[in-house]
Amino acid sequence: MLHGDGVSFSFFQLLWSKEKEKKNESEVPMRIPDTVIFQFGVPNVWFFTSKNGGPNRDQTKIMRKRKTNLTIAHIEEVFLDKASSRGTVGDDDVVAYFIEQRQGNTEQDDASSFCNIEYFNPRTLHDFLQDGKANKNGILQRFIAPHGGRYNSQIRAVWTPKLCLQERRRTKQDLHDTRFALYERAITFDGPENYSVSVPLRGTVLAGRVQRICNEISNHISTVLMQEDSTMESKSRVAKMVVNFKMDGNGRLWILWSDSVRLETMPCDTTSILSKVEPSSPLQVHALEPLNFNTIVELAPSTKLSQVPNHRANLKLSNKMKVASCPSCNREDFEQHFQPVPYKTIIQHFDATLEMLRSHDESHPSKVWPPEDRFIRAAGGVGFGMLKATTNHDKDSQSIPPVIRHIHPKLRVKGFQMYQDDPSFLLKTCSVCEDCCLSYNNLASTSFMMTKPLEIPDAAASCEGRNAVAPSFSIEEESRKGKQRGAHKGRNSDNDKQFFEEKYPQMPAAIKSVSPK
């Protein structure tokens, strides 16, 4: 569906669709790069712009390839051939990118509003087409060489029938500076703002061209939608949209994708959508919905960025975060999220946990090892993840913290006892996940105070205990005891008064000053 947020497949389908009874060709050319739509990991549709643009080179035509050309080998061949048309393609040059539609986290989120972008060089494009596209939905688009050829840039236009706001951003790093990884040289609106700069659109020529193309997109899509809705009582047209553009080395503007589109519905017998339809009418609901100005297409959470140049020629740069297991909780996380914790803190936490376990006979380490989950939770939920994941629970595991033993598997009790008094060993650090680091720091701030979990007895045993201890009295006996308590009430109240007076003495009276006569 075209209406909504995110990169919509219908946007390219409608640009390709032809208008009926169109007499003259449009004077405003519309171009899109080679765009392959993937559904469930399979290339489904391939849109592109004609090479010559028809009889007149100033006129372009958006076309669709035949199904026989939708092969992995042909896609890779065409993308690399067109990239080499601007010169020699290096191993670290950007040749394409893939925008994936991922599912939202809640039922209220639109699935198409979450889009991740991934950039490719020739090697990673080959790997993606062979193995990395499994069960993915999105578009694979050819990278257009930017104007000037040095810095990658994009133009973002927010269009309405009466207003067109435009913004341009370019990367801080040179597109061919291999001291930086691929993403730092390519991201603009899709990355953090500190990796790109805002560039003004000076003059009225470029801004006017962008606005005219937006008008042409709106008119073309609205006409196609009205053709499809010819049998219905109402028709739809574009009310507002956000479109991304790019200018190539020859000064031509290319339509990349649309972030957000809002449609408005009008009756078939009206000529003005706002003159005869009330604002509260259901036909105006879509038109009144605001555009989404937030960044829809963004980098994946697993992307690693760096502003520090690499001066080591042998080091291969990568923007992919490595996944590692936390030695404290045995959960997987990205290595960039790990934080250091000194060995001294880990040893103090382990000793405090053993002291808590030895305080009661039923939880003594000699009887129950590894500890039960409730005791591990009482100890902050850290330090025993690797111990629970292994089956080798010898005597060394009760003397050496599991985290240190996982890092140093050849360490024994005798050597550990020697290193416990070595400051250089205690100041060594171990990288753990962020949650474990916060838990360790929280326990260290309280001198590792731990509360042993309470044991709640069974309901049946509690009932039996109450039945065995609770005495039974008759009504006459209760009334007799009540009279006895009433008879001694006065005497007991005097004794109670004397007791409270002795226990809580009264404050002495205030000293009054006597004025001289």
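Three bridges link strand 3 to strand 4 (residues 62-64), and these two strands run antiparallel. Within this pair, T49 sits opposite I62 of strand 4. Strands here are DSSP runs of E with at least two residues, helices are runs of H or I with at least four, and both are numbered from the N terminus. Two strands count as paired if DSSP finds at least two bridges between them.

Before we go on, please keep in mind that this is a predicted model, in which local features need pLDDT of at least 70 and side-chain atom pairs count only at pLDDT 80 or more, while totals for chains, interfaces and linings use all residues. Residues are numbered from 1 along each chain as its sequence is written, and side-chain values use heavy atoms, leaving out hydrogens and water.

**The sheet**

Strand 3 (residues 42-49) is mostly covered, with six of its eight residues buried (buried means under 20% relative accessible area, with a 1.4 Å probe and protein chains only). Strand 3 also pairs antiparallel with strand 2 (residues 35-39), through five bridges. There, T35 faces F47 of strand 3. The hairpin of these two strands has two residues between them, and F40 takes a positive phi near 55°.

Both pairs belong to an open sheet of seven strands, in the order 4-3-2-7-5-6-13 and with mixed pairing. Strand 4 and strand 13 (297-299) are at the edges with a single partner strand each, so one side of each has no neighbour in the sheet. From one strand to the next, the twist averages 25°.

**The helices**

Two helix pairs can be set side by side. Axes are lines fitted to C-alpha atoms, for helices over the stretch in contact, and angles run from 0 to 180 degrees between N-to-C directions.

| Helix pair | Angle | Axis distance |
|---|---|---|
| Helix 2 (residues 72-84) and helix 3 (residues 122-132) | roughly 160° | within 10 Å |
| Helix 1 (residues 9-16) and helix 4 (residues 205-228) | about 90° | 9 Å |

Helix 1 is therefore roughly perpendicular to helix 4 (65 to 115 degrees). Their contact (heavy atoms within 4.5 Å) involves F11, L14 and L15 of helix 1 with I217, H220, I221, V224, L225 and E228 of helix 4.

Helix 2 and helix 3, by contrast, are roughly antiparallel (over 145 degrees). In this pair, I72, I75, E76, F79 and L80 of helix 2 meet P122, L125, H126, L129 and Q130 of helix 3.

Helix 2 also lies across strand 2, strand 3, strand 5 and strand 7, at about 30° to strand 3.

Conventions. Angles under 35 degrees count as roughly parallel, over 145 as roughly antiparallel, 65 to 115 as roughly perpendicular and the rest as oblique. Buried means under 20% relative accessible area, exposed over 50%, partly exposed in between (1.4 Å probe, protein chains only).
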